[in-house]
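Please keep the sequence and the structure in view while working through them.

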Amino acid sequence: MLSELSLDIRTLAFVATLSAVMQAILLAVLWRAVPRSAATAVWAAGGALLALGFILLAFRHLLPDVLSIVVANLAIAGAHALYLLGIERYCGRRSSTAFVVAVLAATLGFFVVFGLVVPDTGVRIVVISIALLALSFVSAWRLWQRDRAVRSPIDLLVAALLATHGVFHSLRGGYTFLVERGIQDFMAASTIHAFAFIDVIIFCFASGVGFAVLTISALHRALEKELQDKNRLFSVLAHDLRSPFGGLVGLADLIAIAFSKKQYDRIEDLAGQGSLNAKEVLALLDDLLIWGRAEFKGEKSPAEPIDLDGLTTSVLSLQSKVADEKGITITRDLNVKTAFGVRAHAEVVLRNLISNALKFSSGGAEIIIRSHAQEGRVILSVSDRGIGLADKSKAAAVAGDFNSRAGTAGEKGAGLGLSLCSDLCAGDGQDLWLAENPAGGTIASFTLDAWNPGDHINPAAGAQAAA
């Protein structure tokens, strides 16, 4: 009976090894076929580690213990760690690097002691079971925690698979600790260890397919977003850029007529208006280029300390003429003078918020630019006492759907400025929102990181020091 059980375990071990190799091949092909996915490369590396671990286990009696016990089990734990890191990339969450390193370091330490110094098969089974239990449960929890707006049924299925995988290893480790602690030969062990290989076979097949479907799903969402972004870009080009250029052409015609009539005072006024319109068009074009680099090229601009006095001064230099024409006063109340973030993005966002405040404010009104610290971030807000937000507009703003209305002087817009700003903020890990001003009007706010010299490195200062 014992020989039959031993043969069964060895056969299952061979099939499990083959399954791990097939999973590694599947994930490697997936990685090469979908290079745009941030998670597939990590999952492919995990598949390769899992296959390596089981190949080393398969040659248990031909290889030294350091390879067939220590390296093999560390590779299996490392594969599960990479599955977790890949899931966190897929979900857009911060990597649990410290947790992963702690689990792998503990696994390595226990396997060196109980695999080489004081050999103990039972302890090793308990240790690897705990490691796989912890990594599988955290992976399942990360998928379960995903925002319901984007969480799909396949996310829940993969989470359930990982949780089941973890439950099995909790039972296996508990059984070994309570009943079979004195096990000597793993390949001639009890039935629960035979089930360990069945678990591996099922896990390799199901996780390989699951990761493939997750990747395809993420790619589908990315392509949909890219299509929406391109449609949005064409809308901006067709509306927000074409209209100002049409205005510039009209101004040029008026200047030509005024010049033919020698109306030099009128020429001066028209030229000033044309200069202002040209600056506004250039600012919008700069905004589109900055947004396009972030959205289509995936370029990550470096963060740096931002002088908020200098930032607001730079932005207001383009808005002062509009404010003067409408008789609007813009004041600053900056409780925090320095923040940390992408300056170009902050300038785009602040310029749009001030532009909207001017657009929806009546003559003689006041706009206030404020900054204050809150929970490790700096909130920069623009308050106006204009026409305010309707309930429907507030709900749309919360959802990131910013719709445009005509301004108090009939100003028109496509409503795309704030939408682009929302994308930039989201890409930088920041927030943008609109709220009703209790005094009437709107408060538009966005966040930047707080500037702590001890936590952040100023790239410019570092370059100067290196020089």
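Q: Is Gly53 buried or exposed?
A: In this predicted model, Gly53 lies in helix α2. A residue counts as buried when its relative accessible area is under 20%. The relative accessible area of Gly53 is 0%, and therefore Gly53 is buried.

Q: Which element gives the largest share of the largest nonpolar core?
A: The largest nonpolar core has 39 residues, and Trp43, Leu50, Phe54, Tyr83, Leu143 and Phe211 have the most contacts inside it. Two or more residues each are given to this core by α1 (2-33), α2 (40-58), α3 (65-91), α5 (121-144), α6 (153-178) and α7 (191-260). The largest share, 9 residues, comes from α3.

Q: Which residues is Leu50 in contact with, leaving aside its neighbours within four places in sequence?
A: Leu50 is one of the residues with the most contacts inside the largest nonpolar core. Beyond its neighbours within four places in sequence, Leu50 is in contact with Ala20, Gln23, Ala75, Ile76, Ala79, His80, Tyr83 and Cys204.

Q: Is α3 roughly parallel or roughly antiparallel to α4?
A: Two packed helices are described by the angle between their axes and the distance between the axes. For α3 and helix α4 (residues 97-117), the angle is about 165 degrees and the axes are 10 Å apart. Angles over 145 degrees count as roughly antiparallel. The relation of α3 to α4 is therefore roughly antiparallel.

Q: How many nonpolar residues does the contact of α3 with α4 have?
A: On the side of α3, the residues that meet α4 include Val66, Ile69, Leu74 and Leu85. On the side of α4, they include Phe99, Leu104, Phe111 and Leu116. By class, this contact has 4 polar and 1 charged residues, and its nonpolar residues number 15.

Q: Is α3 roughly parallel or roughly antiparallel to α5?
A: The axes of α3 and α5 come within 9 Å and cross at roughly 10 degrees. Angles under 35 degrees count as roughly parallel. The relation of α3 to α5 is therefore roughly parallel.

Q: How many charged residues are in the contact of α3 with α5?
A: Among the residues of α3 in this contact are Ile76, His80, Tyr83 and Glu88, while those of α5 include Arg124, Leu132 and Arg142. The residues divide into 14 nonpolar, 4 polar and a charged group, which numbers 3.

Q: Is α4 roughly parallel or roughly antiparallel to α5?
A: Helices α4 and α5 pack at an angle of about 170 degrees, with their axes 9 Å apart. The cut-off for roughly antiparallel is an angle over 145 degrees. The relation of α4 to α5 is therefore roughly antiparallel.

Q: Is Arg124 buried or exposed?
A: Arg124 is placed in helix α5. Leaving aside its neighbours within four places in sequence, Arg124 is in contact with Ile69, Phe111, Phe114, Gly115 and Pro119. The relative accessible area of Arg124 is 12%, and therefore Arg124 is buried.

Q: Is His169 buried or exposed?
A: His169 lies in helix α6. Its contacts, leaving aside neighbours within four places in sequence, are Ser129, Leu132, Leu133 and Asp199. With a relative accessibility of 3%, His169 counts as buried.

Q: Is Glu375 buried or exposed?
A: Glu375 is found in the loop between β4 (366-374) and β5 (377-383). Glu375 is not a glycine, yet it has a positive phi of about 50 degrees. Its relative accessible area is 78%, and therefore Glu375 is exposed.

Key
Residues are numbered from 1 along each chain as its sequence is written. This is a predicted model: local features need pLDDT of at least 70, side-chain atom pairs count only at pLDDT 80 or more; totals for chains, interfaces and linings use all residues. Side-chain values use heavy atoms; hydrogens and water are left out. A nonpolar core is a set of buried Ala, Val, Leu, Ile, Met, Phe, Trp, Tyr and Cys residues joined through side-chain atoms within 4.5 Å. Buried means under 20% relative accessible area, exposed over 50%, partly exposed in between (1.4 Å probe, protein chains only). Helices (H or I, at least four residues) and strands (E, at least two) are DSSP runs, numbered from the N terminus. Contact means heavy atoms within 4.5 Å. Axes are lines fitted to C-alpha atoms, for helices over the stretch in contact, and angles run from 0 to 180 degrees between N-to-C directions. Angles under 35 degrees count as roughly parallel, over 145 as roughly antiparallel, 65 to 115 as roughly perpendicular and the rest as oblique. Ala, Val, Leu, Ile, Met, Phe, Trp, Tyr, Cys and Pro count as nonpolar, Asp, Glu, Lys and Arg as charged, and the others, Gly among them, as polar.
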